Amino acid sequence: MQRPWDDWDHILKVDPDKELVDGETYADVVTCGTDAIEVGGTTGVTEEKMADVVEACAEYDVPLYVEPSNPANVVHRGGVDGYLVPAVLNAGDIAWLSGVHKEWVRIDDDIDWARTFTEGYIVLNPDSAAAKLTQSDCDLDPEDVAAYAEVGERMLGQEIIYAEYSGTFGDPEVVAAAADALDEATLFYGGGIHDYESANTMAEHADTVIVGDLVHDEGVDAVAETVEGAKDATPATLGD
């Protein structure tokens, strides 16, 4: 069965708690060439901020997904194609594997399960806000990361495994190990993608490269370079 993300080489993640570069609009952002827009952030995201960004992006013909960081900032409105919900596989605080998800289900009667998917996160930058919030164990070698990826896919049924370096460029060897451990799950990579070369390097291993802070720091022209880099890569074949 075709999954929405099967043909995505590049995702642009927009943080509702951050501003765009002066002079740029969400129209510029959405039309930069990315395959999908994901709206989410670790800290400072409110329902109002999330709604404002979703509304600005929803009118364009680019897949639009909400990544809620907590139940309070989930937005239901037309134009949203679905929800990508993090489940942090290496979290020290078990709430980030299932607890906050339980709370969302408890308080939200409008969840569309046909369009709601989980991402099996492996958080790998110990200095990141995500690592600190989730108390993730980031002292992992490639074999550990590969094992987490396999647990996510084989034991927990995750269709997406997300190697998250959040703000720093990761170790391609680690990302390659995660890729090699997967059978049918899609490997997302995020962290430190800032130009053609960095996107191209990680897209050799990951199925989908995610760019975030770059759009807020440098703007859409820089993001467009990463789109090109991701699409020019030749990823390894599953099982190689």
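The mean pLDDT of this protein, pLDDT being the predictor's confidence in each residue on a scale from 0 to 100, is 90, and 97% of the residues reach 70 or more. This is a predicted model, in which local features need pLDDT of at least 70 and side-chain atom pairs count only at pLDDT 80 or more, while totals for chains, interfaces and linings use all residues. Residues are numbered from 1 along each chain as its sequence is written, and side-chain values use heavy atoms, with hydrogens and water left out. Confidence is lowest in helix H2 (residues 47–58), at a mean of 86, and highest in H5, at 97. Helices (H or I, at least four residues) and strands (E, at least two) are DSSP runs, numbered from the N terminus.

I turn next to the nonpolar interior. In soluble globular proteins, nonpolar side chains tend to be buried together. By a nonpolar core I mean a set of buried Ala, Val, Leu, Ile, Met, Phe, Trp, Tyr and Cys residues joined through side-chain atoms within 4.5 Å. Buried stands for under 20% relative accessible area, exposed for over 50%, and partly exposed for what lies in between, with a 1.4 Å probe and protein chains only. The largest core has 60 residues, of which Leu12, Ile37 and Leu187 touch the most other members. Its largest share, six residues, comes from helix H6 (residues 172–181). Another core, of 19 residues, lies apart from it and includes Ala36, Ala91, Ile160 and Phe188.

Which residues does Ile37 contact, leaving aside its neighbours within four places in sequence? With contact taken as heavy atoms within 4.5 Å, the partners of Ile37 are Leu12, Val14, Val29, Val30, Cys57, Val62, Pro63, Leu64 and Tyr65.

The buried residues are Val174, Val175, Ala176, Ala177, Ala178, Ala179 and Ala181. Their cover includes helix H5 (142–155), strand S7 (186–190) and helix H7 (196–203).

Ala146 has its place in H5 and counts as buried, at 15% relative accessibility. Not counting residues up to four places away in sequence, Ala146 touches Ala177, Ala178 and Ala181. Between Ala146 and Val174 the C-alpha to C-alpha distance is 7.8 Å, with 28 residues separating them in sequence.

The aromatic side chains come next. A pair of aromatic rings is described by the distance of the centres and the angle of the planes. Rings of Phe, Tyr and Trp (its six-membered ring) pair if their centres lie within 6.5 Å; planes under 30 degrees apart count as stacked, over 60 as edge-to-face and the rest as tilted. Searching the whole structure gives six aromatic pairs. The rings of Tyr121 and Tyr162 are stacked, because their centres are 4.2 Å apart and their planes lie at 25°. This pair links distant parts of the chain, Tyr121 being in strand S5 (residues 116–123) and Tyr162 in strand S6 (residues 160–164), 41 residues apart. Tyr121 is buried at 5% relative accessibility, and Tyr162 is buried at 1%.

How are the rings of Tyr162 and Phe188 arranged, stacked or edge-to-face? With centres 6.1 Å apart and planes at 70°, the pair is edge-to-face. Tyr162 lies in strand S6 and Phe188 in strand S7, so the pair ties together parts that are 26 residues apart in sequence. Tyr121, Tyr162 and Phe188 form one aromatic cluster.

I close with the charged side chains. A salt bridge here is a side-chain nitrogen of Lys or Arg within 4 Å of a carboxyl oxygen of Asp or Glu, and the structure holds 11 of them. Asp6 bridges to Arg3, with the closest N and O atoms 2.9 Å apart. Asp6 is partly exposed at 30% relative accessibility, whereas Arg3 is buried at 15%. Arg3, Asp6 and Glu159 are linked in a network of salt bridges.

In the salt bridge between Lys231 and Asp9, the closest N and O atoms are 3.4 Å apart. The pair links distant parts of the chain: Lys231 is in helix H9 (residues 220–232) and Asp9 in the segment before strand S1 (10–14), 222 residues apart.
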